[in-house]
Amino acid sequence: WDTAKEATEISILKTIDYNYYLKKPSGHIVIVGAGKLAISKLKKNKDPAIIVERDPNNKNLNTIRGIRKNIKILTGEMSDPNIQKRSFIKNAAYFWAFTNKDVVNINLALAYHLPTNIEVKIRVEDFEIHDIMKSEAFNNQKIKVYSVHKDLAERFVEKDESFKSLKTLVIYGFGRFGHYVLEAILKENKFLENLIIIDPKA
């Protein structure tokens, strides 16, 4: 009798959360990508959540574990059938694809033919892709599109009332953030006459 092998098997069995499989989660959040956006959303939402993260060494995982007890972390790829099964994705109320790659997030949102009662939200930072995903062509997919840069730009403009009455605007650098700042200003400003964009990377 191999006592060392038996001890190893017992230690493995002790790590299995049998209640997790007996109480199949329902109405929870499934988030793919354990980044800062996931952390921010988890702090604002108290619902049970299952996080799928491909990198077991992601430093954000410790932060997520400390937010609250009803968060479970799965390490692996969402494309793995075993991960899909353990995330109980079809029973979820929310499916949020928050990786740092736009195309991955879009593919995740479209790949699983989720029930229509599940809220699907994806992170898209490229402004051209963002606009496409918000267009009528994707309306029937019922996918909500979120951009960290867009959100920050809108809050930046909202904090300063002077943006609403500017007649001349100079923007230095016209990357994602600059694009969204201009978009936010144009929504609020009715007096802008001169726009100068200086982009050193152009």
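Modeller: The largest pocket of this predicted model holds about 630 Å³ of space. Of the 30 residues that line this pocket, those closest to its centre are G33, F98, T99, N100 and R123.

Biologist: Which elements supply at least two residues each to the lining of the largest pocket?

Modeller: They are α3 (36-44), β2 (49-53), α6 (102-111) and α8 (148-158), and α3 gives the most, with 5 residues. Helices (H or I, at least four residues) and strands (E, at least two) are DSSP runs numbered from the N terminus, and the chain has 9 helices and 8 strands by that count.

Biologist: Why is R123 called buried?

Modeller: Buried means under 20% relative accessible area, exposed means over 50%, and partly exposed lies in between, with a 1.4 Å probe and protein chains only. R123 has a relative accessible area of 18%, so R123 is buried. R123 sits in strand β5, and its C-alpha atom is separated by 7.2 Å from that of T99, 24 residues apart along the chain. Contact means heavy atoms within 4.5 Å, and beyond four places in sequence R123 touches residues including L37, F98, T99, N100 and Y146.

Biologist: What makes a set of residues a nonpolar core, and which residues have the most contacts inside the largest one?

Modeller: A nonpolar core is a set of buried Ala, Val, Leu, Ile, Met, Phe, Trp, Tyr and Cys residues joined through side-chain atoms within 4.5 Å. The largest has 23 residues, and those with the most contacts inside it are M78, F95, L108, Y112, L114, V120 and I122. Elements giving two or more residues to this core include β1 (29-32), β4 (94-97) and β5 (119-123), while the largest share, 3 residues, comes from α6. A second, separate core of 16 residues includes L37, I64, W96 and Y146. In soluble globular proteins, nonpolar side chains tend to be buried together.

Biologist: How do you know that V120 is buried?

Modeller: V120 has 7% relative accessibility and therefore counts as buried. V120 lies in strand β5, and beyond four places in sequence V120 is in contact with F95, A109, L114, K142, I143 and K144.

Biologist: Are H130 and M133 buried or exposed?

Modeller: H130, with a relative accessible area of 3%, is buried, and M133, at 5%, is buried too. H130 is found in helix α7 (residues 127-133), which is also the place of M133. Leaving aside neighbours within four places in sequence, H130 is in contact with V124, V145, S147, K150 and Y180.

Biologist: What is the phi of F88?

Modeller: Phi of F88 is near 50°, a positive value in a residue other than glycine. Most residues other than glycine have a negative phi, and most peptide bonds are trans. F88 is found in the loop between α5 (81-87) and β4, and F88 is buried because its relative accessible area is 12%.

Biologist: Which conventions should I keep in mind?

Modeller: Residues are numbered from 1 along each chain as its sequence is written, and side-chain values use heavy atoms, with hydrogens and water left out. In this predicted model, local features need pLDDT of at least 70 and side-chain atom pairs count only at pLDDT 80 or more, while totals for chains, interfaces and linings use all residues.

Technical notes. 1 Å grid on protein atoms, 1.4 Å probe; cavity = no way out; pocket = protein on both sides within 12 Å on 5 of 7 lines; lining within 4 Å. Points joined across faces, edges and corners; volume = space filled by probe spheres on them.
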